[in-house]
Amino acid sequence: MQLAVLSGFVVAGFAPLFHRWFGDRASFVLAAYPAALALWFLSQLPAVMAGETLVFAMQWVPSLGMSLTFVIDGLSLLFALLVTGIGSLVLVYAGGYLKGHPDLMRFHLAILAFMVSMLGLVLADSLFTLFVFWELTSITSYLLIGFNHNDLEARKSARQGLFVTVAGGLALMAGLTMLGVAGESWSLRELNAMGDVLREHSLYTALLVCVLIGAFTKSAQFPFHFWLPNAMAAPTPVSAYLHSATMVKAGIYLLARLQPSLGGTEMWTVTLSVVGALTMFTGAFLAIRHTNIKKLLAYSTIMALGTLTMLLGIGTEGAMIAFVTFLLAHALYKGSLFMVAGVLDHETGTKDVTAMGGLRHTMPLTAAVACIAALSLAGVPPLFGFIGKELMFESVLEVSAWRWLIMLLAFSATALTIVVAAIVALRPFFGQRRETPRVAHEAPTSMLIGPAVLAILSLLFGLVPVLAGSGLLAAAASAVAGTSVEVKLSLWHGVNLPLLMSLASLALGYLLFKRWDRIRARLACLDPLLSRGPEAGYDALMDGVVVISEWQTRVLQNGYMRNYIMVMIVTLIALVGNSLLLRHAPQFHIALDVQFHEAVVVGIMVMAALFATIARSRLGAVVSVGIMGFSIALIFILFSAPDLAITQLLVETLTVILLVLVLFRLPRFSSLSTPLERVRDVVVAGSLGTLITLLVLTSWSIDQFVPISDYMIANSATLAHGRNIVNVILVDYRALDTLGEIFVLALAAIGVFAMLKLRAPEKPKNSAPAKENADG
C-alpha cells in the first residue's frame, strides 16, 4: 500500500506532462488516481467493519528502529475515503473552474502532492512518519493558497497560514518527542494501548500542551482561527478541498487519534470542551458579519471545527458517535457549498451575496444543489446534517464541567450557523433578480458533478442513515473511543430536549436571517474592537520580527567580513567555552616528550604566525603564511606521514604562488581599525586559540570510546585490499565523504570558471558622440 499511496508524488511530478498530453482534460485523467485509491479503500471496509486493524509495514531506517508503517482502522479509513473521494471530485471540478488557466499544471502538481501528504498523515502509525507528512501538508497548502502568486493578498495569506501552522508544527514536534519518550515507543498503536501510563507520566502536562498547540493551529481553533478565512484568497477548488475535509481537519484527526492515550483527564476534557465551544461561537458570530460567500463558509467551517474539538473534549461514547457523524456530514455539505460558491463566482463574476438574487431561473441545478447542502448545514431533516446536530446536542447535555456555558455557546453557534445556511441558499437564488458583472448561466457539467454528488450523499445518508452508521461510522467511533462502540443512527428519536433545542435554533436562526441586513449594519460598531483581535497580535509579532531583523542586519550583518568572523568566533567561544570550563572541568593527562628539533619547528611556526599578523607588507605576510604551511609539512614528515607532507607541500606551494600573483592587483595595506579594536581582535583571537588548545588536550586525555583506528588498521588489507591506510580511509571507509568533497570542489571550480568568463558587455565605440549628435 505504501507504494500505491506514495506513487502519488510521482503522479504529481508528471502532472505537467499529463497537461501537455491531454490539455484541458488533464484534470479528469488525474482524477482517476484518487478515485482508484478510494475504490481500494472501500474494498477494505468489510475487514474494518469486522473489527480488524490492517497493518502494512515497510522498513525505513532499520538501524534506528524506524519503519514506514501504514495502519487502516475505522478512523483512518474514514479520513482516507474523504481525502481520496472528495479529492477526485475536486480535480474534476477544477478542470472546469480553471479551464484555460496558464498555471493549471502547477495546480495539479501542488494539489496531488497535498493529497498524498494528507493520506500519509492519516495512515501513519509512526510518530516520525506522521510529523513528516504533517509538515508536508503545511508546505503544499502554502503553495495552493498562494496559487495566484501575482495577487498580493494571496501571497500574504499563504505566508500567514504557513507561519501559523509551521509554528504549531514546532510545538507538535516537541510534544510528539515527549510522547515517544514517555511511552518508550514511536508507534501510535502501542501508545494508544498504554493510556494509563501516559496520563500518569510526569511529562503528560508538557506534552499535552505542545500537542494541543500543534492541533489548534492546524485546525484553526481560537485564538489561531484568523488564518483560515484569509486563506479564501486561494482558488475555490483549493478552498473546497483543504477547508472542508482535509487540511483543517488534520488537527482534529490528531486529537481523535490520541484520544485513547491522552484523553479522559480533567485537563483534556476542560481544555477541548471550552476551546471548542468558544471556537464554535466565534466562527458562527464572525460569519454573519460578512457578505463574501467564501468568507461566510470559511467562518462556518471554524464553527464546525470547534464543534468537533468540543465533542472530543466531552469524550463520552455518545460524543464519539456524534463526532464521527458530524465529521462526515460537514465534509459532505461544506465541500458541496464551497464548490457552489465557486460556481457563483465563476458564472456571475462576484462573491458578494448581496449583489446576487433571483439566480434560480438561470441556474436551476446549482440552486437545487445549494439548497440541499445548505439544509444539511442548517440541520434540517431529512438531511444527514440534522442527525449530526441532534447527536451534538445530546452530547452537550451530558457535559458536567462548564455545562451551562458550553450549552449556551453551542446553541448560539447553531442558530447563527442556520443564518449562514439561509444566506447561502436563499440570497443568491431567490428574491428580486439582480444584475451581476457577468451574464449568469448554468455552470458546465464538470463543475456540477462534485457538488451534486456530495449533496445527494447528504440526502441519502439522512434518509437511510444505516448506510453510514452501521459500518464505517461505527468502526471510526470505536477507533476514537478505544473500545467497541455500537452506532445506530436514525432521523427520529422521539420528542426530547435535543429535538426541542434543534427546533428552537431553527426558529431563532430564521428570525435572525430576516433581520440580517440590520444586524450586520449594527455589528459594524464592533470593527474597532475586532481589529485588535488575535490577528492584530500576529501582525504585531511579524512587525517585531522585521524590527529585530533590521537591527541584527545593521549591527551584525553590516557588510564587513571581519565583523562576521568575529561574531562567529565570539559565539563559538561563548558556547563551547561555557560547556568546557563551567559544565565539564578540563582534564589533562599528557606526558610531554618533545625532541629539540620538534620544538624548533614549532617555534618557527609561532614566529611566522606572529610576523604575519604584524607585517606591513603583503608579500611579507604571504611569505610568513607559507613558512607556517611548510612547517606543518615538516611535522607530518617527523611523525611518519610522508603522503600528507607531500600533499601539504603541493597545496602550500600553489597557494603561495597564487597569492603572490594576486598581490600585484591589490592595493597597499591601510589601517581600517583603531588601536582599541586591534586590542579587541587580539583578545578574541587569543581566546579562540586557548579554547582550541584546551579542547585538543581534553579530547586527547579522555578516551570515551574505543578508537576506530584499530579497526581500520586491522582491516585495511583484508577488507579494503590496500596497505596505505590513509588512502584506504579516503577511498573506501569514507568514500561517500570523499565523493562529497569532490562534488563541492567541482561546483566551486565551475563557479570560479563562470566568474572568470563573466565579462561586462563592451560599449560600442563612438556611442557617446553619436548620442551627442542625435541630441544636437
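Which residues in helix 16 meet which residues in helix 21?

The structure is a predicted model, in which local features need pLDDT of at least 70, side-chain atom pairs count only at pLDDT 80 or more, and totals for chains, interfaces and linings use all residues. Residues are numbered from 1 along each chain as its sequence is written, and side-chain values use heavy atoms, with hydrogens and water left out.

**Exercise 1. Describe the packing of helix 16 with helix 21.**

Step 1. Locate the helices, which are DSSP runs (H or I, at least four residues) numbered from the N terminus. Helix 16 covers residues 266-287 and helix 21 covers residues 403-426.

Step 2. Consider the axes, which are lines fitted to C-alpha atoms over the stretch in contact, with angles from 0 to 180 degrees between N-to-C directions. The two axes come within 8 Å and cross at roughly 30 degrees. Helix 16 and helix 21 are therefore roughly parallel (an angle under 35 degrees).

Step 3. List the contacts (heavy atoms within 4.5 Å). Ser-273, Ala-277, Leu-278, Met-280, Phe-281, Ala-284, Phe-285 and Ala-287 of helix 16 meet Ile-406, Leu-409, Ala-410, Ser-412, Ala-413, Leu-416, Thr-417 and Val-420 of helix 21.

Step 4. Sort these residues by class, where Ala, Val, Leu, Ile, Met, Phe, Trp, Tyr, Cys and Pro count as nonpolar, Asp, Glu, Lys and Arg as charged, and the others, Gly among them, as polar. The contact of helix 16 with helix 21 has 13 nonpolar, three polar and no charged residues.

**Exercise 2. Describe the packing of helix 28 with helix 32.**

Step 1. Helix 28 (residues 561-583) and helix 32 (residues 675-701) have axes 10 Å apart, at an angle of about 40 degrees.

Step 2. By class, the contact of helix 28 with helix 32 has 13 nonpolar, three polar and two charged residues.

**Exercise 3. Describe the surroundings of Val-211.**

Step 1. Val-211 lies in helix 12 (residues 204-218).

Step 2. Its relative accessibility is 0%, so Val-211 counts as buried (under 20% relative accessible area, 1.4 Å probe, protein chains only).

Step 3. Apart from neighbours within four places in sequence, Val-211 is in contact with Leu-172, Gly-175, Leu-254 and Leu-258.

Conventions:
Helices (H or I, at least four residues) and strands (E, at least two) are DSSP runs, numbered from the N terminus. Angles under 35 degrees count as roughly parallel, over 145 as roughly antiparallel, 65 to 115 as roughly perpendicular and the rest as oblique. Buried means under 20% relative accessible area, exposed over 50%, partly exposed in between (1.4 Å probe, protein chains only).
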